[in-house]
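Please look through the sequence and the model shown here before reading on.

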Amino acid sequence: MRKLTTAVLLSILPSAALAEGTMPQMDFTNPLTLDQVGWMAVIMVVLYLVLSRWGLPQIGKVIESRADVIAKDLAAARAAKIEADTAVAQLNAALVAARAAAQGEVARAVAEAKAKATADAAALNAQLDAKLAAAEAQIEAARASALAAIKPVAAEAAGAILLKLTGSLPGEDVLAPNLDAALLARSGG
Amino acid sequence: MAGPTINALEQFSLTPGLGGLGKAIDFSNSNEAMLAAAVIIALIFGLGLKARALVPGRTQALVELLYEFVRNMCVDTIGEEGLRFFPLVFTIFSFILLGNLIGLFPYFFAFTSHIAVTLALALFVFVFSTGVGFYTHGFKFFTFFVPSGVPGWLLPLLVPIEIISYLSRPVSLSVRLFANMTAGHVMWEVFAGFMLLLTASFGIFGAFASVVPLGLNVALAALELLVAGLQAYVFAILTCLYLHDAVHMH
């Protein structure tokens, strides 16, 4: 069985392929073999004209218009990006300027407040100094008036004491210089 | 043992097409397939150009893919001058591709399996590219056969070799396509014939055994699809190469 199968397989291959012996492709006695070339020329010329005059240029146009659209869109996107970039730059510049202005304002306010405070302090000091000076003057006046008021009382007391001790009233010209010296020594001491 | 006789070459025989009209004007079944190929190409272009959408649909994408594929092939191989030959290369490529592809379907004629057809195409490419060479360079085109940078005493040997290799271009171009297509179709028919023979010889066992040639034919179908596209591409890129030689002479 196996041998038979192999024999069959071997025998049918060439006989199947070359059953008639000649290839129709090489049969040039058949007029159709060469005439098909003539008809092919006609068909191909028509196909060439259809493709070169209509088909291919139309497809080329479609592809070109697509490339145009893509290029245009890309250019628009690029322009938009540049616009956005400038807008961002402007925003940043505005932010920097505003920050600088605000800092200047703050510094100015601080300086103003400081100056006002200094001026207030100076005015207060002057007022206090004036009050102090007035008070001192008042004290000085009170002291002077007190000292002045003491002199007649002391003269009277010294006269009375001397009258009691000596029985005579000293002259005004003797008493007065001694009184002044004694008072001066007291107030100084 | 008497099995059915399989004639694997009968599929290539030419018969008058289009009924009685074909007999009168010698319009064969292979011309029918050529006409079908041309009409399908025109139809695909018509459908692809219907929408002209910015984002292409399937048919439009197919046409644009073919267009850019062949256009890039022309520009890459020939250079910017290649755009002049782009419609010609596209016509040849699409015609051969469609011819190969519709030849794969049962009951359709594979006209690229006829040496007369492929030789005519190859001779046209050969004559056209030679004409382009003489049109571009005048009689200086003869220096194409003198390789540069070769010692003078070698030239008597090398120039005939160059001329022979140049003249053999249409032969290799046509035989490559013809042989590939013919071999594929013969193999298909032979394996299909195995199935009939096995069944006729061994009955039910043979019918089961014919799964093997059937599987082989399925694999062959994939291979033939590849060959159909590849051979059309090879023919087109060689056309571009010959045109490059004619335009640039090196």
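In this predicted model, helix 4 of chain B and helix 5 of chain B pass each other in a left-handed crossing. Helix 5 of chain B spans residues 115-137, and its axis comes within 13 Å of the axis of helix 4 of chain B, at a crossing angle of roughly 165 degrees. Since angles over 145 degrees count as roughly antiparallel, helix 4 of chain B is therefore roughly antiparallel to helix 5 of chain B. On the side of helix 4 of chain B the contact is made by Leu88(B), Ile92(B) and Ile96(B), which meet Leu121(B), Phe124(B), Val125(B) and Phe128(B) of helix 5 of chain B. Sorted by class, the residues of this contact are seven nonpolar, with no polar and no charged ones.

Helix 4 of chain B also packs against helix 8 of chain B, which covers residues 211-248, and here the axes lie 9 Å apart at an angle of about 160 degrees. These two helices are therefore roughly antiparallel to each other, and their crossing is right-handed. From helix 4 of chain B the contact draws on Val89(B), Ile92(B), Phe93(B), Ile96(B), Leu97(B), Asn100(B) and Leu101(B), while the partners in helix 8 of chain B include Leu225(B), Ala228(B), Gly229(B), Gln231(B), Tyr233(B), Phe235(B) and Leu243(B). By class, this contact between helix 4 and helix 8 of chain B holds 14 nonpolar and four polar residues, and no charged ones. Ile92(B) and Ile96(B) take part here, and Ile92(B) and Ile96(B) also belong to the contact with helix 5 of chain B.

A further partner of helix 4 of chain B comes from the other chain. Helix 2 of chain A, residues 31-166, has an axis that comes within 9 Å of that of helix 4 of chain B, and the two cross at roughly 125 degrees. The two helices are therefore oblique to each other, and helix 2 of chain A passes helix 4 of chain B in a right-handed crossing. Among the residues that helix 2 of chain A brings to this contact are Met40(A), Ile43(A), Met44(A), Leu47(A) and Tyr48(A), and those they meet in helix 4 of chain B include Phe86(B), Pro87(B), Leu88(B), Phe90(B) and Ile92(B). The contact of helix 2 of chain A with helix 4 of chain B divides by class into 13 nonpolar and three polar residues, with no charged ones.

Taken as a whole, chain B has eight helices and zero strands. Its radius of gyration is 22 Å, whereas a compact globule of 250 residues would have one near 18 Å, and its C-alpha atoms fill a box of roughly 70 × 55 × 40 Å along the principal axes.

The predictor gives the complex an ipTM of 0.91 and a pTM of 0.74. Where pLDDT is low, the predicted coordinates should not be read in detail.

Note on methods. Residues are numbered from 1 along each chain as its sequence is written. Chains are lettered from A and ligands numbered from 1 in the order in which they are written. This is a predicted model: local features need pLDDT of at least 70, side-chain atom pairs count only at pLDDT 80 or more; totals for chains, interfaces and linings use all residues. Side-chain values use heavy atoms; hydrogens and water are left out. Axes are lines fitted to C-alpha atoms, for helices over the stretch in contact, and angles run from 0 to 180 degrees between N-to-C directions. Helices (H or I, at least four residues) and strands (E, at least two) are DSSP runs, numbered from the N terminus. Angles under 35 degrees count as roughly parallel, over 145 as roughly antiparallel, 65 to 115 as roughly perpendicular and the rest as oblique. A crossing is left-handed if the near helix is turned anticlockwise from the far one by less than a right angle, and right-handed if clockwise. Contact means heavy atoms within 4.5 Å. Ala, Val, Leu, Ile, Met, Phe, Trp, Tyr, Cys and Pro count as nonpolar, Asp, Glu, Lys and Arg as charged, and the others, Gly among them, as polar. The radius of gyration is taken over C-alpha atoms; the globule rule is 2.2 Å times the number of residues to the power 0.38.
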